[in-house]
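Student: Please pick one part of this model and take me through it slowly, with the cut-offs spelled out as you go.

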Amino acid sequence: MGRLSLPLGLLAGLCIHLVLIGALDLRDLPGPGGTLLVTDLARGAVSEGLSAWLGWPLAVLLGPLLGVRVLMASAAVAALLGAALGSRALGGSATLGALLAACWSLSAGQAWLISGSTVAWGLAWLGLGLTWDAARRDAPRGAGLGMGLLVLAAAAKPTALAALPLVVPALLLTQRRVVLLGAMAAGGLLALIPAWLTLPTDTPWLAAQALGVGEASGGLWELSTQQGRLPLAVGLALLCAGLARSRPATACMVLVLVGAGVVAVSRGERLQPRHLLPLCFGLVAICSLLSRSRAASAVLVALLLADTVAWSHAFADQRAEHLDAARSPLPSPPWPRYPEPAWAVFYESSTPGALALMTHATAARGGALILPLVDRRESHAAAAAALAGHPAIVLTQARCCRQDESVRGCAERLVSALRASPASAILPSQSRAVPEGHRPLAEALLTALSPRHRRAAERWRVVAGAGDGPLPCADR
């Protein structure tokens, strides 16, 4: 391992990412908020905040789909570089740190998802790596830059705040702690300006929903036994920290364990792998201390790569069952094997029926009319329409109905306007797919379109207009 240069390690990590992502069917743009980000890039908007700002130049040069994939790959490379710098600062191998981050399913799997969380993860790990490396080299400017990136990571997604305690080990890597603290404070304060200017405009920052605050549960243990084999990773890091007898490594290990508990309690039933990922920077850096044994390093990288391939098969198989996506063509390792991922983990990144919904929206050349769906699933149709260059309008009572108009009368008027327009209405066959507050209009529309329609026959019902009039609600 020691003979490989850091650039080669980063290149190898990027190649691993490209091979894994190339074997997955990701046409539905999986990831929490992935379709919202793609819609922003297709329309030149920035409602998703820093991720949209960073992706905008790429979308202009490469198109929104390729641009967002390059953005996610760049976030992955940033995370690999951060892991490499942090590993070197702790006394391990920078190349091994990069390879561990590239091959571990918990970090590798995050780069498959289109999300502001992926951007936040890349910025957070790069910020931590720069801060640790600057402390080791006694370079205050680097520490200020690292702290600034951590602030920007938190602006991209508040879940990156979990990484902030891991700046403490940097203070144990330098003798000039006051100077380092001053540089970090200055860097963080300067970064507040661009962070504030690029906050998302459609979600209140640090709101309870954004943070996912919930009741405490046993979610940490249930999650830790799935993606990333967290108990094994923690055990290996504890062993490495104990053998190294390093104060920074020991402090890092304590912060990771305490932080994971705090995150689990605050997230409750909404706990996801991505919420623990910022803290796992410490585990990767500590495990890189195995670089003193080339044989152990090679075995660990091979085992982690097998773990990631196994996770990719479990991920793809479940999506093939519920989304009609293709299965992974990569050879399946005999060991390890993953059971079907927990439904809560699957459901946050993948949406049953999304591919069909996007297909209908792409084909709606005159414009797509959609209803609000649970968990903002209508964003799949909006993203597909934006990529195809078609307008997409979400029909709501507040937007489409007059103040003195009944819901039934509003629905009948909308149906008449639909039939006189070139648009296509893409509606769920059952109104329970619509949030409760929007169901009266959904039920009225389904009834007005066809009172005798058997709504459970198919997931989506498409009704195309036959005129050339204006789209319903287009002027509101």
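Tutor: Helix α17 gives the second largest pocket the largest share of its lining, namely four residues. Before we go further, this is a predicted model, in which local features need pLDDT of at least 70 and side-chain atom pairs count only at pLDDT 80 or more, while totals for chains, interfaces and linings use all residues. Residues are numbered from 1 along each chain as its sequence is written, and side-chain values use heavy atoms, with hydrogens and water left out.

Let's start with the pocket. A pocket here is an open set of points on a 1 Å grid over the protein atoms alone, where a 1.4 Å probe fits and protein lies on both sides within 12 Å along at least five of seven lines; its lining residues have an atom within 4 Å of a point. The second largest pocket holds about 380 Å³ of space, that volume being what is filled by probe spheres set on points joined across faces, edges and corners. Its lining comprises 16 residues, and those nearest the centre are Arg 229, Leu 232, Ala 233, Leu 300 and Leu 304. At least two lining residues come from each of α13 (230–244), α16 (281–287) and α17. Helices are DSSP runs of H or I with at least four residues, numbered from the N terminus.

Now step onto the helix itself. α17 covers residues 294–323, and Thr 308 is part of it. Thr 308 counts as buried because its relative accessible area is 0%; buried means under 20%, exposed over 50%, and partly exposed in between, with a 1.4 Å probe and protein chains only. Leaving aside residues up to four places away in sequence, Thr 308 touches Leu 20, Cys 103, Trp 104, Ser 105, Ala 108 and Trp 112, where contact means heavy atoms within 4.5 Å.

Next comes the loop between α17 and α18, where you will find Asp 324. The phi angle of Asp 324 is near 60°, a positive value in a residue other than glycine. With 67% relative accessibility, Asp 324 is classed as exposed, whereas Thr 308 is buried.

The peptide bond leading from Trp 335 into Pro 336 is cis, its omega being near 0°.
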